[in-house]
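I opened a notebook page for this model and listed what to look up.

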Amino acid sequence: MAGRIISTIPAKCRDCYKCLRSCPVKAIQVKRQESGGELYAQVMDERCIVCGRCVQVCPQKAKRVTTDVEKVRSLLQGGLKVVASVAPSFAGALPVDVAGLLPAALRRLGFSIVQETALGAEMVGAAHRTLETATNGRFERPLLSTSCPAIVNLVEKHFPHLLPHLAPVVSPMVAHARYLRQQYPEAQIVFVGPCFAKKEEVLQINEDEPGLIAAALTFQEIWEWWQETQSTSMTSLVPEPFDPPFPRRAQLFPIEGGLLYTAEMTTGPMASDAIVITGVDHCVDFLTRFDEYAGRPESPRLIEMLSCSTGCIAGPGAVSEEDPFLRRNRV
């Protein structure tokens, strides 16, 4: 019943199996409750890439995503300096028109510093430019982008022979957390974004760098936290800026082609060295055929892959129900 990130509430699971039919990596199995009880659909951690589709399609809300809201609230109540690293998709992920409302809300909740994860995204873009420069302007082998943790999970769990093709670059969340750790050595760092898979990425990075990131919360969790504890609407706040330094190009990182734009690489329709693929199904199809053309000289050398269709602005932990076009415009 309990998975590492996504688990099932058996009493709510009512034989529809939409999650089983919808899972792009066949990570759902049907099990029976103890003592001959009812059947329910359970996530298999060893196959799950934490894309969140099973949570999104479940009509009974029988899928539960692990949460660290209480942990973060305890850190704040304990008087510790807690820093929020906010994913650049925030502008399209919340049902508010003014971007400055989120920094104001996070400070009201108790966060001491509120910075944009896009700072880390700019570091990631620069790292890709360095890789390209080191190989005379063309990557020596096709590289799969590593900014999306669900895609990294997809490669690690379902296409392990392609692990050498993962770009040797950390995600923006990790890059920014390392920067924040240098600036605020004693602070607790909390990532805020639209992604369930970031929760697993936090567990993984903390195995190698203990305590680097205290928790990953979704925009949905922040929104519900605010609704539960505040007597006023978030829209009634006076907008406030993020804490400096301020990112530039990387603010567009969460939309399709955001990595390539941030890295200042060619992204036009005639570009041949780099392509963008979004949506888990499309990514699975591409990786399945990867070996067919990986050795061809005309094949793309950098493949930006995002598990969510249209990019991170459509992440499962977003609150806004606007269509992707409007979300993109907000970003």
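What volume does the largest cavity have? I read about 320 Å³ for the largest cavity. I note that this is a predicted model, where local features need pLDDT of at least 70, side-chain atom pairs count only at pLDDT 80 or more, and totals for chains, interfaces and linings use all residues. Residues are numbered from 1 along each chain as its sequence is written, and side-chain values use heavy atoms, with hydrogens and water left out.

**Cavities**

My working rule uses a 1 Å grid over the protein atoms alone: a cavity is a set of points where a 1.4 Å probe fits but cannot get out, and lining residues have an atom within 4 Å of a point. Grid points are joined across faces, edges and corners, and a volume is the space filled by probe spheres set on the points. I count five cavities of 30 Å³ or more by this rule.

I looked up the lining of the largest cavity and found 28 residues, with Ser147, Pro194, Cys195, Lys198 and Cys312 nearest its centre. Helix H6 (118–134), H7 and H8 each give at least two residues to this lining. Helices here are DSSP runs (H or I, at least four residues) and strands are runs of E (at least two), numbered from the N terminus. For classes, I count Ala, Val, Leu, Ile, Met, Phe, Trp, Tyr, Cys and Pro as nonpolar, Asp, Glu, Lys and Arg as charged, and the others, Gly among them, as polar. The lining of the largest cavity then has 21 nonpolar, six polar and one charged.

The second largest cavity has about 90 Å³. I find 13 residues lining it, and Cys23, Ala27, Cys48, Cys51 and Cys54 are the closest to its centre. Its lining has 11 nonpolar, one polar and one charged residues.

**Pockets**

A pocket is an open set with protein on both sides within 12 Å along at least five of seven lines. The largest pocket holds about 840 Å³. I list 31 lining residues, with Val55, Phe196, Gln220, Glu224 and Pro316 nearest its centre. Helix H2 (53–57), strand S4 (63–65), helix H10 (219–229) and helix H14 (324–330) each give two or more. H10 has the largest share, five residues. I sort this lining into 12 nonpolar, nine polar and 10 charged.

The second largest pocket has about 360 Å³. Of its 19 lining residues, Thr146, Val152, Glu156, Glu201 and Gln204 lie nearest the centre. H7, helix H8 (172–183) and H9 each give two or more. H9 has the largest share, five residues.

**Helix pair**

Next I checked H7 (149–158) against H9 (197–208): their axes come within 8 Å and cross at roughly 65°. Axes are lines fitted to C-alpha atoms over the stretch in contact, and angles run from 0 to 180 degrees between N-to-C directions. H7 and H9 are therefore roughly perpendicular (65 to 115 degrees). Contact means heavy atoms within 4.5 Å. I see Pro149, Ala150, Asn153, Glu156 and Lys157 of H7 meeting Ala197, Lys198, Glu200, Glu201 and Gln204 of H9. That contact has three nonpolar, two polar and five charged residues.

**Sheet**

I traced an open sheet of three strands in the order S7-S11-S10, with parallel pairing. Two strands pair if DSSP finds at least two bridges between them. S7 (143–144) and S10 (274–278) are the edge strands. Five bridges join S10 to S11 (302–306). Ile275 has Ile303 of S11 as its bridge partner.

Conventions: Angles under 35 degrees count as roughly parallel, over 145 as roughly antiparallel, 65 to 115 as roughly perpendicular and the rest as oblique.
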